[in-house]
Amino acid sequence: MPRATSTRSTGDAPPNPPDVYHFAKNTPAGGIPNRPQAMSFIISAPSSGSGKTTITLGLLRALSRKMTIRGAKSGPDYIDPRFHEAACGQTCLNLDAWAMTPARIKSLAAGETPLIVEGAMGLFDGAPPAGEGATADLARILGMPVVLVIDAARMAGSVAPLAKGFINHDPAVKIAGVILNNVGSARHEAMLRHALGDIPIFGAVGRTATLNHPSRHLGLVQAQERPDLDAFLDQAGDLIEKSVDLNALPPLHRLKAANRVRSKPPAQRIAIAQDAAFAFAYPHLLDDWHNARAEISTFSPLNNDPAPEADLIYLPGGYPELYAGQLSANSTFMNSLHNNTAQIYGECGGYMTLGETLTDADGQTHQMAGLLGLETSFAQRKLHLGYRHLQADKGPMKGRWTGHEFHYATTIKAEGTTLFAAQDATDTALPSMGLIKGNVSGSFAHIIDQA
């Protein structure tokens, strides 16, 4: 199967030089320009765990108090974007430099509204073998500067060679400056600033234990599960306003309009499960389907809603294992699947729900829909992770796709006709993924874009 367009091999040039403005120009009190320009930069770091998410959320909340701003997330992530949306009140999209073509990325990123992109992992970390799809690839494609977040908790003078190494590593990736995170004291900050010399420092954020995110095996607890979410975001915004010089951030520039690139809807009438158990649907795909005039409705399996009348019932991924007992008992929802003649498609958590049984982390086995010959278990955990090339010859997702697999569920039984032929990011063939039986199909892969 052909590889998705690589940002490293296409030689795709950054967009035409944008109109550039700085905060210092026509800037009212508070450091935000009156003129509606687009501020666009990427928040990245040398490694995961440096504080990118907290810094990004704080920036989005602080800036949203003064202007309209939106966020985007690098790579296949369902959880961080919902925090972005809560922080700034605007839809957050995924920009995936492995799974999407440069044209698709530019199409999604384009717009007059300011944009802050949160990177994934370290700046140059991507898929094997050569780090394809790294945040650095987004910087090259979009011509956007990078603000490097450095966790300085356990360093002083050593911050300089670290920062200089990233700045000088690739001239095509412009690092505009750094934000120092987890700074211990005024004395510690002074040492870090002295070591960095003339490297721009946009801010120094002190250590705080009150902005930690609760997490579970797939990452952060979802935004809608935090009753203290607004207070948390306000605190992050206050911290950034106090610690970061918003006037010193990278210059304003327009992300020029790009030709719209869209995927085709898999059906005309699409009913989508949407609640805390089934929350992992990519907004860019739903937006594609909506703009192609597909009729989209939503329902909640957790509320025991029946699946609405539709041509396709779509069960996205999520955390059904946390609600397996409740789902198993929701007979109205389960019966609506059994009695339906529409195409039914499940991804990851939705796929497990369509199976016969799901065993939770405590070892309790719950009856699921029983529409596929599938038994899964979280009592026997094993990480499955990586990008996927996918091809289906039948079912609602017929065709070639790029996707991503990330789950800890173990497959105890999978009997029947497989759905996808699959390859990993290195084009190595994998065992076929998923199952299809009559009008019901699904797999553990999260589809990202048409290949």
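The model is predicted. The protein chain has 451 residues, and 56% of them are buried. Its secondary structure comes to 11 helices and 26 strands.

**Helix α5**

- Helix α5 spans residues 159-169, and its buried residues are Val-159, Ala-160, Ala-163 and Phe-166.
- These four cover an arc of only 140° around the axis, so they lie on the same side of α5.
- The cover over that buried side includes strands β6 and β7. Helix α6 (186-196) is also part of the cover.

**The parallel sheet**

- An open sheet is built from 7 strands, ordered β4-β3-β5-β2-β6-β7-β8. The pairing is parallel.
- The edge strands are β4 (93-95) and β8 (201-206). Each has a single partner strand, so one of its sides has no neighbour in the sheet.
- From one strand to the next, the twist averages 25°.
- Strands β6 (residues 146-151) and β7 (residues 175-183) are joined in the parallel sense by 6 bridges.
- In one of these bridges, Val-146 is partnered by Ile-175 in β7.
- Helix α2 (residues 80-88) lies across β3 (70-74), β4 and β5 (115-118). Relative to β3, the helix runs at about 170°.

**Core, contacts and surface**

- The largest nonpolar core holds 135 residues. The members that touch the most others are Leu-59, Leu-95, Leu-180, Leu-315, Leu-337 and Phe-420.
- What does Leu-95 touch, not counting residues up to four places away in sequence? Its contacts include Ala-72, Lys-73, Ser-74 and Gly-75. Also among them are Met-100, Ile-105, Leu-108 and Ala-109. Val-117, Leu-138 and Leu-142 belong to the list too.
- Contacts between residues at least 6 apart in sequence can be split by separation: 73% of them join residues at least 24 apart.
- The chain's accessible surface is about 18,000 Å². Carbon and sulfur atoms account for 49% of that surface.

**Ser-47 in the β2-α1 loop**

- Ser-47 is located in the loop between β2 (40-44) and α1 (52-64).
- Is Ser-47 buried, exposed or partly exposed? Its relative accessibility is 35%, between the 20% and 50% cut-offs, so Ser-47 counts as partly exposed.
- Leaving aside neighbours within four places in sequence, Ser-47 contacts Lys-52, Met-121 and Gly-122.
- Ser-47 and Asp-151 are separated by 104 residues in sequence, while their C-alpha atoms are 9.1 Å apart.

**Glu-241 in helix α7**

- Helix α7 (residues 229-243) contains Glu-241.
- Relative accessibility at Glu-241 is 34%, which also falls between 20% and 50%, so this residue counts as partly exposed.
- With neighbours within four places in sequence left aside, Glu-241 is in contact with Ala-62, Arg-65 and Lys-66.
- Arg-61 lies 180 residues from Glu-241 in sequence. The C-alpha to C-alpha distance for this pair is 9.5 Å.

**Backbone geometry to check**

- The peptide bond from Pro-128 to Pro-129 is cis, and its omega is near 5°.
- Pro-129 is part of the loop between β5 and α4 (135-142).
- Asn-182 is not a glycine, yet its phi is positive, at about 60°. This residue is found in strand β7.
- Asn-182 has a relative accessible area of 22%, which puts it in the partly exposed class. The cut-off for buried is under 20%, so Asn-182 does not count as buried.
- Arg-293 is another residue with a positive phi, about 70°, although it is not a glycine.
- Arg-293 is found in the loop between α8 (283-291) and β13 (295-299).
- At 70% relative accessibility, Arg-293 is over the 50% cut-off and therefore counts as exposed.

Notes. Residues numbered from 1 in each chain as written. Predicted model: local features only at pLDDT ≥ 70, side-chain atom pairs only at ≥ 80, totals over all residues. Heavy atoms only, no water. Pairing = 2+ DSSP bridges. Helix = DSSP H or I, 4+ residues; strand = E, 2+ residues; numbered from the N terminus. Axes fitted to C-alpha atoms, helices over the stretch in contact; angles between N-to-C directions. Contact = heavy atoms within 4.5 Å. Buried < 20%, exposed > 50% of the residue type's maximum accessible area, 1.4 Å probe, protein only. Areas by Shrake-Rupley, 256 points an atom, 1.4 Å probe, with all protein chains shown as cover. Core = buried A, V, L, I, M, F, W, Y, C linked by side-chain atoms within 4.5 Å. Arc of directions from axis to C-beta.
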